[in-house]
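Dear colleague,

Please find below the structure that I am handing over to you. My findings follow directly after it.

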Amino acid sequence: MIFLKKPIYYLTLLLTLFYSQQHFSQENKTPKKENAGRLFNDTTATDSDYLMSIEKAGEVLESAYNDTDFEGGTHHLFGEMKRTESKLELILASLKGANPNVRNQQMYRLVLQEIQQELNEQNTAINARNLILEKIKKRVIDLRKDKTLITLLRDTIRRKQFKKEFADLKKRYLATDSLMTENQGILNNKKRLTVQRKIAVSNALVTVEGKLEKSGISIFNKEYPSLWQLGDSAVKKKVTHNIKAKVIIEENVAAYYLGYKAGGLVTLCFFMGLLYWYISRNIKFLKSKDCIENLSQFNFKYLNRGILIPVVVIGLNIAVVTNLYAPALFLELIQLILLGALTVLFKNKWSGIAMRNWLLLLGLFFALCFLDLFITVGLLQRCAFIVINILGIRYGLVQIKTLKEQLYIKGFFKWASIIFIGLNGLSILFNLFGRVSLSNMISITAFISLTQIVALSVLLKIILEIILLQIYTTRVKRGIEKMFNYESLSDTLKKPFIIVISYMWLIVIASNLNIWESLRASFQKILIHPNTIGSITFTLENIVLFFIIIWAAHLLQNYVAYFFGEIDDENEENINKRQHSKLLITRLIVLISGYLLAVAASGMPLDKLSILLGALGVGVGLGLQNIVNNFVSGIILIFDKPIQIGDVVEISSESGRVKSMGLRTTKINAPNGAEIIIPNGNLLSQNITNWTYTDNYKLVEVTFEITGETVPEEINTIVNETLANLPLVNNAKPSQIYYSAISQGKYKLLIKFWCSIYRTEETISSARQELYNGFKDKGLTFSS
């Protein structure tokens, strides 16, 4: 494309004429009279005006040159285009040579879709830069609207006075024209390459989609002859690459994917490093307090054998789920490394026969992966697959029982065994009748379904051990080394995690069967479909998300106590009330945040929400006063703190220890074992006697009579020595001794002393016994 042709015809033409020496020599010799007359009569413009007009044109050309030159963003775009080209070339080369297994095709589809998106963005960016060049052209074209400059260019007499200025103007024009022509050529070439790549990507996507459809479960057409119809020619027909070539191709694809997902993998490693540091810090603290041996009482199976391998198992499980569309070599390597890490954990813990059966399963899985990746489809590969499938069926019927007894969750293993046996049977059937791709895919899925449930079972146990470790470490920091019922706590904790690992297991199986994407798309289509009731439009996705967030908020506010070292059967005297207050505030924040986030996620418009709040206000006025009153009272109790968890209180005719405080009710444990539930509104409207508001000590009384020959001084000494030797008595506060009656050989006494309010009866009983022994040793009669 040639820059600035006819639109600035006058500028180009007159600049050319200006540099014609012959023309100027004729002007100098015989100037035309009519021009002289016109110049003499033209008084509308001065030399200064002409200079300003020329200067303005020069500035326009200079800015046009600067704007035409490619900036850093354009060079970055060209770099991105180069990287996209490299990715595309690698994927296209891999498509020609790699095994047509489902996982590779899924990865190719994912990467090709992203390349297609990149090419669309790059094409848009090129169009934007072309538009910028067109705008630059327009700025130069607009110079012809400058009447002063056009008048000067037409005036052959005055033009020679500005010979130097016009020479500089022409120089700038030629440089801008050259740069514009060059850059537009570059952009047009880049656009042409982008269009060619988009066509190549579209063709590649058609090929990949065809291969994925061909390997789909719903397609039962033959790919290869039935097994009994294969001859030597059929065996050799598909041999296009030797093992070495296939290894190179798979390595290149896996290496590309590793670079492609490097950011996510580095992030995963970073968080696993943080987890390693977190666990190490807790274990180091327990060792410093000589409490590490107590972990054996929690039935730890993995964390007590080291930290690195359990953290690696967690990371690899997450990597399997987050890399569903990884190439076959990458994914199967992760699986094998995960199984190797599990083998290290199982060593010396499983029985000999269970360990041998586990190693046999690993051997079959490794052989299956090798055949799938590096052996061309033919008689050898198909027969080998059938042998492995038969061994797998036998394994599922006979040997798998030894593994079940070693796992933490056994219920899922039953279903995993049934799926394992069924998929191996289907694989044999499809292989015999020529559906080799489907057969191979099902075989790999069968073994992954079994090994993955083992890995997820270990993952659940490791997570529960980490949580128990956190709870125990926090309690030790608070000075509480008492063991707690970890089994019931584990049963409570594992329920939400079972839901999570079930989801992880299902998506791994569905992804390997090449049905996850279609299932996800189908569910998404149902969830995002708009539904209208009256004037309100909503989607099922918003409703599901609303309830999931509410459920998660309630779950989190229940479980957050465990990270403070609190458990349900807490009954220690040295309970940390300040920590309980922080816990209540944390729970309140979690609940409020969860509800606000749920409302935001529901997508409900603010005007509709105001109508709902108005209706709620009417409901409050009609019948929800008590509920709102209790809720507000609960918030006041949390921040005002007239009572806290662990306090011993008396409210009306009820007394006991505060067990828990919620946003609506407060639970009190009565001395007789009853649990009293009091609405928070009632607590604020009644007088409360809080025995432990300042401290946990109570002044108690013991009355008794002493008979015998003695004096008050001796009695006082015996009482003080006895109380000083009682560990349950708080001797930091002095005891008090009062005589209610004194006669010859007979004394009536009242003693008062301080003890823990949680162990009042026990302390009084101990005091009576020790006082009885003390006076008996002196030959005195004690009666109480």
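**Overall architecture**

The protein's secondary structure amounts to 28 helices and eleven strands. Please note that this is a predicted model. Of its 784 residues, 45% count as buried. Among contacts between residues at least 6 apart in sequence, 77% join residues at least 24 apart. The protein exposes about 40,700 Å², and carbon and sulfur atoms supply 60% of that area.

**Confidence**

The mean pLDDT is 78, with 84% of the residues reaching 70 or more. Confidence is highest in helix H13 (residues 308–322), at a mean of 92, and lowest in helix H2 (residues 21–29), at 37. Across residues 1–43 the pLDDT is below 50, and this stretch has 72 contacts in the model beyond near neighbours in sequence. Residues 232–241 also have a pLDDT below 50; beyond near neighbours in sequence, that stretch has ten contacts. Where pLDDT is low, the predicted coordinates should not be read in detail.

**A nonpolar surface patch**

Leu519, Phe523, Ile526, Leu540, Ile543, Val544, Phe547 and Ile548 form a nonpolar patch on the surface, and together they have about 730 Å² of accessible area. Helices H21 (516–528) and H22 (540–559) each supply at least two of the patch residues. H22 gives the most, with five residues. One patch member, Ile543, is found in helix H22. Ile543 has a relative accessible area of 33% and is therefore partly exposed; patch residues must have over 30%.

With kind regards

Terms used
Residues are numbered from 1 along each chain as its sequence is written. This is a predicted model: local features need pLDDT of at least 70, side-chain atom pairs count only at pLDDT 80 or more; totals for chains, interfaces and linings use all residues. Side-chain values use heavy atoms; hydrogens and water are left out. Patches are made of residues with over 30% relative accessible area and no salt bridge: like charges are joined within 9 Å, nonpolar side chains (Val, Leu, Ile, Met, Phe, Trp, Tyr) within 5 Å. Accessible areas come from the Shrake-Rupley method with a 1.4 Å probe; for residues, only the protein chains shown count as cover. A salt bridge is a side-chain nitrogen of Lys or Arg within 4 Å of a carboxyl oxygen of Asp or Glu. Helices (H or I, at least four residues) and strands (E, at least two) are DSSP runs, numbered from the N terminus. Buried means under 20% relative accessible area, exposed over 50%, partly exposed in between (1.4 Å probe, protein chains only). Contact means heavy atoms within 4.5 Å. pLDDT is the predictor's confidence in each residue, from 0 to 100.
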